Amino acid sequence: MPTASPKTPGWLDWHPNPSRPAFRLPPGTVDTHCHVFGPQAAFPFAPQRKYTPCDAGKDRLFALRDHLGVARTVVVQATCHGTDNSAMVDAVRSAGDRARGVASVRPDVTEGELLELHAAGVRGVRFNFVRRLVDASPQGDLRVIADKVAPLGWHVVLYFESADLPDLEDFFASLPTPLVVDHMGRPDVTRPADGPEFSRFLRFVDTGDVWVKVTCPERLSVTGPAALDGAPLPYADVVPFGRRVVEEFPDRVLWGTDWPHPNLTDHMPDDGLLVDYVPRVAVTAEQRRKLLVDNPMNLYWPGEEI
Ligand code: 0GY
């Protein structure tokens, strides 16, 4: 039997005992961004991965879903599994109609393989441009993939660093599917939320069928989880960014946990506190209903009742 690879040094495991959120998520809330890692013994990690995580399997994910009061889940393929989608698909299938998936595929993926993924609940593919996570894929290959999934009604999930947007924007705009941007395009939150960089990102969002995940305050924050002078709540520096996106694009924003929070090096967030972050960026009940329920239902379960 093969021995398990050890975790990347300094790897932080998921929070063992998240608090119960003070904010009650509305019925039908969808977590549109979370992952499964392995378990490695059943679903080995990809040889070309850039990190080796802890095991974070579907049972733990679904326990957290229920603890937080989430109704449905979108499991996004993580880079540590490469284009082997079996752990993600297994999780999505196990959740019945309560989960959807976002896959990573190769340009030579066949129509039959895509139809099989669709039947399992996959509704999108992820293109990752973050250099510490993946080797670059030629844009021609990505276009081939986008052209193959467009007829299925799928979207493309984009993960990139904000500094790379100017170089990538034209390519993104040329893709034939709806686009979903991870983590608000990873803004530099030390710059103003109403400054030129974030405004540029929002202009890009405004150009087409572009959706934004208002996710990962814990990953974007510089002030971090601690209560600081003048910032009594965690991740205060990310709030103006989330709030601006929610206000300008109320019908195209999505929320997610990002559990199990890969590659965080300084702290592991309490998932309950991450739920309590939601009403700080979506300040009205209508904004919250759209962010948490209506928008993700439109994208992942169109036409279905909550
Ligand atoms: C995230 C963020 C990260 C990792 C991945 O697929 C992944 O490995 O997405 C990251 O390290 O920023 O969305 O989970």
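Visitor: What is the volume of the largest cavity?

Guide: The largest cavity has a volume of about 110 Å³. Keep in mind that this is a predicted model.

Visitor: Which residues are closest to its centre?

Guide: His35, Arg126, Leu133, Tyr159 and Pro262 are the closest to the centre. They belong to a set of 14 residues that line the largest cavity.

Visitor: What classes make up that lining?

Guide: The lining of the largest cavity has five nonpolar, five polar and four charged residues.

Visitor: Where does the ligand sit?

Guide: The ligand sits in the largest cavity.

Visitor: Which residues come nearest to the ligand?

Guide: There are 15 residues around the ligand. His35, Tyr51, Thr79, Arg132 and Tyr159 come nearest.

Visitor: Which side chains have a polar atom by an oxygen of the ligand?

Guide: Take His183 to begin with. A polar atom of its side chain lies 2.7 Å from a ligand oxygen. For Asp258, a polar side-chain atom is 2.8 Å from an oxygen atom of the ligand. Asn263 has an N or O atom in its side chain 2.8 Å from a ligand oxygen.

Visitor: How much of the ligand does the protein bury?

Guide: The protein buries 100% of it. Taken alone, the ligand exposes 340 Å².

Visitor: Back to holes. How many cavities of 30 Å³ or more are there?

Guide: The structure holds three cavities of 30 Å³ or more.

Visitor: Which elements give two or more residues to it?

Guide: Two helices do: H7 (217-220) and H9 (271-281). By class, the lining of the second largest cavity has six nonpolar, three polar and one charged residues.

Visitor: Now pockets. How much space lies in the largest pocket?

Guide: About 540 Å³ of space lies in the largest pocket. The pocket is lined by 23 residues. Thr83, Ser104, Val134, Asp135 and Ser137 lie nearest its centre.

Visitor: Which elements contribute two or more residues there?

Guide: Strand E4 (122-128) and helix H4 (139-149) do. The lining of the largest pocket has nine nonpolar, eight polar and six charged residues.

Visitor: New topic: the backbone. Where are the cis peptide bonds?

Guide: One joins Gly38 and Pro39, with omega at about 5°. Pro39 is in the loop between strand E1 (30-34) and helix H1 (58-68). Another cis peptide bond joins Trp259 and Pro260, where omega is about 0°. Pro260 is in the loop between strand E8 (253-254) and H9.

Notes. Residues are numbered from 1 along each chain as its sequence is written. This is a predicted model: local features need pLDDT of at least 70, side-chain atom pairs count only at pLDDT 80 or more; totals for chains, interfaces and linings use all residues. Side-chain values use heavy atoms; hydrogens and water are left out. A residue is near a molecule or strand if one of its heavy atoms lies within 4 Å of it. A polar contact is a pair of N or O atoms within 3.5 Å; within protein, one must be able to donate a hydrogen and the other to accept it, and residues adjacent in sequence count only if both atoms are side-chain atoms. Accessible areas come from the Shrake-Rupley method with a 1.4 Å probe; for residues, only the protein chains shown count as cover. On a 1 Å grid over the protein atoms alone, a cavity is a set of points where a 1.4 Å probe fits but cannot get out, and a pocket is an open set with protein on both sides within 12 Å along at least five of seven lines; lining residues have an atom within 4 Å of a point. A molecule sits in a cavity or pocket if more than half of its atoms lie within 2 Å of its grid points. Grid points are joined across faces, edges and corners, and a volume is the space filled by probe spheres set on the points. Ala, Val, Leu, Ile, Met, Phe, Trp, Tyr, Cys and Pro count as nonpolar, Asp, Glu, Lys and Arg as charged, and the others, Gly among them, as polar. Helices (H or I, at least four residues) and strands (E, at least two) are DSSP runs, numbered from the N terminus.
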